[in-house]
Amino acid sequence: MKKIILSIIASASIFAATSCSDMLGVDNARQVENPALDQKTDSVFYAYGIMQAMQQLADQYFFQNEMRGDLVKPTSKASVHLQALSNYTAGTDCKYDSVYLYYKVINNCNYYLANRDTTLATGNQNVVMNEYTAIAAFRAWAYLQLAYQYGNVPYVTEPVLYISQINSIKEKTDYRQILASQAEYLQALKDRVTEDQLDVPFYKETVEVGETQWGVKKTITPSKCFVPFNVVLGDLYLALGEYKKAALAYFDYLRHTAEVKGQSAIGIGYASPRMKTDTDGHNFYMEYPADYNLDKNNSIYSSLGPWTSEYGSLQHPAVISYIPMAVDYTKGKTTEIPSAFGYDYYATSGKTITALTKCPQTEEVQVVPSEAYTDIADNTQYYYYTEQQVAPPYRWKLSEAKLGDARSNEVVRGSGNYSDLVFVLKPSTGTVLLYRNITVFMHLAEAFNRMGYPELAFAIMKTGLQPNIKSYLTSEYVPGSGIEEDNYYIPVEAYQMLETEIPFFSEANKELFTNQSSTIIIGTHLRGAGAVDDLNSPYQYKKIVEARIEKIRSDFNLGLGGQAYSKEEYINAVEDLLCDEYAMEFAFEGTRYSDLLRIARHKNMAGTFSSTFGDTWLSKKLESKAPGITTQNCYLPFQ
């Protein structure tokens with residue numbers, strides 16, 4: 001236990017600012033050995049101290065989630081530590097298994113929350129609460145990660161100040177109790193502050209933190225180094241199975257962000273389809289079908305920025321928060337993530353830089369996409385326009401082809417000496433993404449689905465959460481209209497729920513979620529699969545969901561052949577579709593294992609087929625890595 005909790009005082013003042021060469025450092029004149037938190041001073045160095053603890057945690061957080069998920073696999077060049085994570089044999093000697101790093105974040109937060117005077121103000125304006133609520137969110141986020149990776153752990157909410165205190169902290173608390181306690185704490189805090197006080201602190205718009213030796217300057221937005229309060233609260237509720245509370249928290253975040261920053265601040269972009277192999281021979285693009293109407297497909301989303309910019313630009317409005325790593329060791333904590341995927345982020349200027357990635361590549365690729373990832377990507381139906389009807393109502397015709405998910409464009413083939421290697425672009429940036437706008441929408445869909453509204457979850461994938469989904473209400477079907485009845489799939493009561501209980505479409509809010517002159521809110525599946533949002537699209541609720549139900553019945557030998565589909569089966573199938581969507585959207589970002597475990601727990605809680613169906617489902621997902629893994633034996637050794 002001696003490694004578990006960071007002692008603040010005995011560890012030479014972790015909150016004190018580091019040298020000015022550190023990317024998260026502050027002016028040396030601000031350094032003090034035991035800074036007080038009851039003074040009316042800017043405590044930016046406390047927050048930056050927690051960010052530095054997050055940097056130390058970044059690689060472990062990423063590799064624990066990515067390697068223990070189903071979307072990547074180690075190569076023969078992978079370190080023993082990555083291999084151990086991947087095959088679920090990691091022991092106490094694994095460099096990416098240290099609860100100390102999570103508790104280091106937690107204890108920094110505990111000290112701040114226990115000692116910061118929250119009444120300090122300049123005039124009528126409180127100068128503390130934005131920082132206070134942000135640090136409370138940091139602590140809750142860290143406990144959420146512990147719950148996913150270790151299950152039951154010691155629950156510590158008071159700062160540990162002396163080494164002698166560490167040995168007394170041994171008893172573990174049920175992870176559900178920990179998450180419920182953190183949710184209760186955040187909810188009580190939320191109920192007593194203003195919405196503006198839940199916004200992350202603002203220090204500077206952007207800060208340049210150095211330049212790579214191969215010539216790329218790194219600029220961060222300090223406010224994006226925090227985690228969003230309401231989104232973390234929603235994630236706590238989602239993990240607990242409190243689905244309506246989760247949806248309300250996500251709603252509060254999206255509505256307030258759109259009100260304060262404009263609709264573009266909650267928008268998501270579009271991904272161009274995979275084309276024929278480009279001139280450099282880098283990508284696994286596929287050729288368009290002969291009837292593909294290039295003009296129609298290109299014109300629809302021409303106003304939307306490319307999807308890849310969401311992880312390639314640290315200033316992108318669709319990026320909510322991240323952990324930025326230093327460009328070299330003299331400027332702070334560096335990362336091993338790019339090197340695991342074959343990128344020499346810390347290369348000297350003499351290395352060759354590929355035109356596509358800009359980050360130097362190496363032959364030492366340790367991690368590559370798994371067959372599970374490529375199966376989902378390659379088997380995705382792409383929906384496209386072919387021709388327009390020559391008679392009224394002049395609707396465009398749509399078709400589908402197995403072109404693959406456009407978001408898998410980030411998987412590229414090397415060139416020259418690296419032509420036999422596969423690279424993934426996301427991990428080349430030297431930054432660990434934590435939340436993007438689409439994370440919130442996807443988690444909202446997960447919550448809606450388990451609330452009993454699978455149609456709304458599907459709508460978030462098909463059209464995005466916007467009032468024009470009213471076109472798809474079951475009550476809108478007109479016999480003889482020329483549009484298939486199956487396209488009208490959203491129950492009236494589901495839409496009414498969005499006008500009242502979780503009021504996205506109330507008179508006060510609906511304009512925030514209505515696309516105006518530009519297309520800001522779109523379907524998440526549309527990002528990778530083309531024109532799924534058209535009213536006549538073959539991407540239809542019953543067709544897609546019932547095909548998945550049949551697949552589940554077959555894969556798990558449920559013995560339900562020929563029986564009518566139940567509402568619970570629809571919910572379970574939509575959850576699986578969301579899981580595939582997570583794979584395409586968040587692969588290689590460090591979330592996969594947590595997503596799988598959370599979904600498996602939900603399936604157990606629902607008991608649709610049995611109280612252990614989630615265990616069976618999780619074991620099947622991970623059977624190529626660790627046969628027999630369940631929600632009971634999937635945790636890392638606590639050390």
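This is a predicted model: local features need pLDDT of at least 70, side-chain atom pairs count only at pLDDT 80 or more; totals for chains, interfaces and linings use all residues.
View 1. Buried here means under 20% relative accessible area, while exposed means over 50% and partly exposed is in between, using a 1.4 Å probe and protein chains only. Residues are numbered from 1 along each chain as its sequence is written, and side-chain values use heavy atoms, with hydrogens and water left out.

Now for the partner: strand β6 (residues 319-324) runs antiparallel to β12, and five bridges join the two. Two strands pair if DSSP finds at least two bridges between them. Look for S321 opposite Y435 of β12, and for Y322, whose bridge partner in β12 is L433. Strand β6 is mostly covered too, with six of its six residues buried.

**View 2. Where helices α17 and α18 cross.** Helix α17 (residues 541-555) packs against helix α18 (residues 567-586) at an angle of about 95°, and their axes are 9 Å apart. The axes are lines fitted to C-alpha atoms over the stretch in contact, and the angle, on a scale from 0 to 180 degrees, is taken between N-to-C directions. The two helices are therefore roughly perpendicular to each other. That label goes to angles of 65 to 115 degrees; under 35 counts as roughly parallel, over 145 as roughly antiparallel, and the rest as oblique.

On the α17 side, the residues that meet α18 are Y541, K542, I544, V545, E546, R548, I549, I552 and R553; on the α18 side they are E569, Y570, N572, A573, V574, D576, L577 and D580. Sorted by class, this contact has nine nonpolar, one polar and seven charged residues. Ala, Val, Leu, Ile, Met, Phe, Trp, Tyr, Cys and Pro count as nonpolar, Asp, Glu, Lys and Arg as charged, and the others, Gly among them, as polar. Contact means heavy atoms within 4.5 Å.

**View 3. A closer look at D580.** D580 sits in helix α18. Is D580 buried or exposed? With a relative accessibility of 16%, D580 counts as buried. Leaving out residues up to four places away in sequence, D580 touches I376, R548 and K621.

View 4. N557 has a positive phi of about 50°, although it is not a glycine. Most residues other than glycine have a negative phi, and most peptide bonds are trans. N557 counts as exposed at 68% relative accessibility, and G561 counts as exposed at 66%. G561 and E550 are 11 residues apart in sequence, with 8.1 Å between their C-alpha atoms.

**View 5. Helix α20 and what covers it.** Which residues of helix α20 (residues 613-621) are buried? They are F613, G614, D615, W617, L618 and S619. The cover over the buried residues of α20 includes α17, α18 and α19 (592-606).

**View 6. F588, between α18 and α19.** F588 lies in the loop that links α18 and α19. Its phi is near 70°, a positive value in a residue other than glycine. At 2% relative accessibility, F588 counts as buried.

**View 7. P467 in its loop.** Find P467 in the loop between α14 (454-462) and α15 (492-497). P467 is buried, with a relative accessible area of 14%. Setting aside neighbours within four places in sequence, P467 is in contact with Y495, F505, K510, F513 and T514. P467 and L498 are 31 residues apart along the chain, and their C-alpha atoms are separated by 9.2 Å.

**View 8. A cis peptide bond.** The bond from P392 to P393 is cis, with omega near 5°. P393 is in the loop between β8 (382-388) and β9 (396-401).

Key
Helices (H or I, at least four residues) and strands (E, at least two) are DSSP runs, numbered from the N terminus.
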